[in-house]
Amino acid sequence: VDIRYRDWVRLATRHVHTESAGTLGYVHVSEMEKRGYADFIRSYSVECERDGIILDLRGNAGGYCSPLILDALSRKALGIQMPRHGHATSFPPHLPGRRQVIVALVNADTSSDGEGLAHSLKELKIATIMGTRTWGGVIVTADSVELADGTSVGLPTEGFYLKGAAFGLENFGVSPHIVVEDPPFMVAPTAPTKEGTKPSMGGGGACLAGYGPPRGPSQDPQLAAAIREAMSQVVDKAKKGKESTEMKMDDFASLGMAAVGTLKRQHDK
């Protein structure tokens, strides 16, 4: 299962790179525990330098790492690190790109701490949320009581009260800015239809031959919509000349000269 999942992420990443001509990056976060956070750091450390990020939270099983991911996505430059050899780098490292936009994908399988992250990104205006409304289950049920028949009863142990939602995420979830449905059945490449016509549902079992889940990222309607939205926002930011949290090379040069001047004055004293 892990091999299949990682291959799917690899294909999705390549698809986003290809469709955006390298402008957008792709990061999928499958959960909010050790593995999910480790995967996020591996992907984001590379993809963060692009002008946009597709942050895929679909199927996120929750956990406890949303504050760490939120910190990485909202990080701002405070200075530079100047090595004796090589190039200056930002401090802290792995900053979002200069004109970076973030589009987060969610669906009904985005749950628990994944919903907490999606709501936080929405409330802080860090990302545009797309997809469908999330699961609506943020109350922690860590403890359970086993019954005589072998079943168990889960006990709620912790709840979320969040700005902009209060206790409202439970039993409702996070509503996306832009709703993009993920249809359960789609026409597969093996059963093309003429433009403007609907696929036939007749013919008994044969009618199902052309239907099924997406055959890969290229047939994912939510991912396609996210790419279009992110590219549109990147173009708009470029036109307006807005900057995000990454410092320009001119800023690095100015800080570098200031640092050199400070060192020289200290030496002269």
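**Close-up views of the predicted chain**

Overview. Of the 269 residues of the protein chain, 38% count as buried, where buried means under 20% relative accessible area, exposed over 50%, and partly exposed in between (1.4 Å probe, protein chains only). The model is predicted: local features need pLDDT of at least 70, side-chain atom pairs count only at pLDDT 80 or more, and totals for chains, interfaces and linings use all residues. Residues are numbered from 1 along each chain as its sequence is written, and side-chain values use heavy atoms, with hydrogens and water left out. The protein chain has 6 helices and 11 strands; helices (H or I, at least four residues) and strands (E, at least two) are DSSP runs, numbered from the N terminus. Among contacts in the protein chain with a separation of 6 or more, 73% are between residues 24 or more positions apart; contact means heavy atoms within 4.5 Å.

**View 1. The largest nonpolar core.** A nonpolar core is a set of buried Ala, Val, Leu, Ile, Met, Phe, Trp, Tyr and Cys residues joined through side-chain atoms within 4.5 Å. The largest one has 27 residues, and those touching the most other members are Val-29, Phe-40, Tyr-44, Leu-55, Leu-57, Leu-73 and Leu-121. Two or more residues each come from helix 2 (34-47), strand 2 (52-56), helix 3 (66-73), strand 5 (101-106) and helix 4 (113-123). Helix 3 provides the largest share, 4 residues. In soluble globular proteins, nonpolar side chains tend to be buried together.

**View 2. Surroundings of Leu-73.** Not counting residues up to four places away in sequence, Leu-73 touches Phe-40, Tyr-44, Leu-55, Pro-96, Ile-102, Leu-121 and Ile-126. Among these neighbours, Phe-40, Tyr-44, Leu-55 and Leu-121 are also listed with Leu-73 as the core residues that touch the most other members.

**View 3. Packing of helix 2 on helix 3.** The two helices pack at an angle of about 10 degrees, with their axes 10 Å apart. Helix 2 is therefore roughly parallel to helix 3. Axes are lines fitted to C-alpha atoms, for helices over the stretch in contact, and angles run from 0 to 180 degrees between N-to-C directions; angles under 35 degrees count as roughly parallel, over 145 as roughly antiparallel, 65 to 115 as roughly perpendicular and the rest as oblique. From helix 2, Tyr-37, Phe-40 and Tyr-44 meet Leu-68, Ile-69, Ala-72 and Leu-73 of helix 3. This contact has 7 nonpolar, no polar and no charged residues. In this classification Ala, Val, Leu, Ile, Met, Phe, Trp, Tyr, Cys and Pro count as nonpolar, Asp, Glu, Lys and Arg as charged, and the others, Gly among them, as polar.

**View 4. Arg-35 in helix 2.** Arg-35 lies in helix 2 and is partly exposed, with a relative accessible area of 35%. Leaving aside neighbours within four places in sequence, Arg-35 is in contact with Asp-2, Tyr-5, Arg-6 and Ser-30.

**View 5. Helix 4 and its cover.** Helix 4 is mostly covered, with 9 of its 11 residues buried. The buried residues are Asp-113, Gly-114, Glu-115, Gly-116, Leu-117, Ala-118, His-119, Ser-120 and Leu-121. Their cover includes strand 2, helix 3, strand 5 and strand 6 (128-131). Lys-125, which follows helix 4, has a positive phi, near 60 degrees.

**View 6. The loop between strand 4 and strand 5.** Pro-92 lies in the loop between strand 4 and strand 5, and a cis peptide bond with omega of about -5 degrees joins Phe-91 and Pro-92. His-94 is found in this loop too; its phi is positive, near 55 degrees, and His-94 is partly exposed at a relative accessible area of 39%. Most residues other than glycine have a negative phi, and most peptide bonds are trans. Gln-100, also between strand 4 (89-91) and strand 5, is buried, with a relative accessible area of 6%. Gln-100 and Glu-49 are 51 residues apart in sequence and 8.2 Å apart in space, C-alpha to C-alpha.

**View 7. Ala-21 between helix 1 and strand 1.** Ala-21 is found in the loop between helix 1 (2-19) and strand 1 (24-28). Its phi is positive, near 55 degrees, and at 70% relative accessibility Ala-21 counts as exposed.

View 8. Cys-48 counts as buried at 2% relative accessibility, and Cys-65 counts as buried at 5%. The structure holds 0 disulfides, a disulfide being a pair of cysteine sulfur atoms within 2.5 Å.
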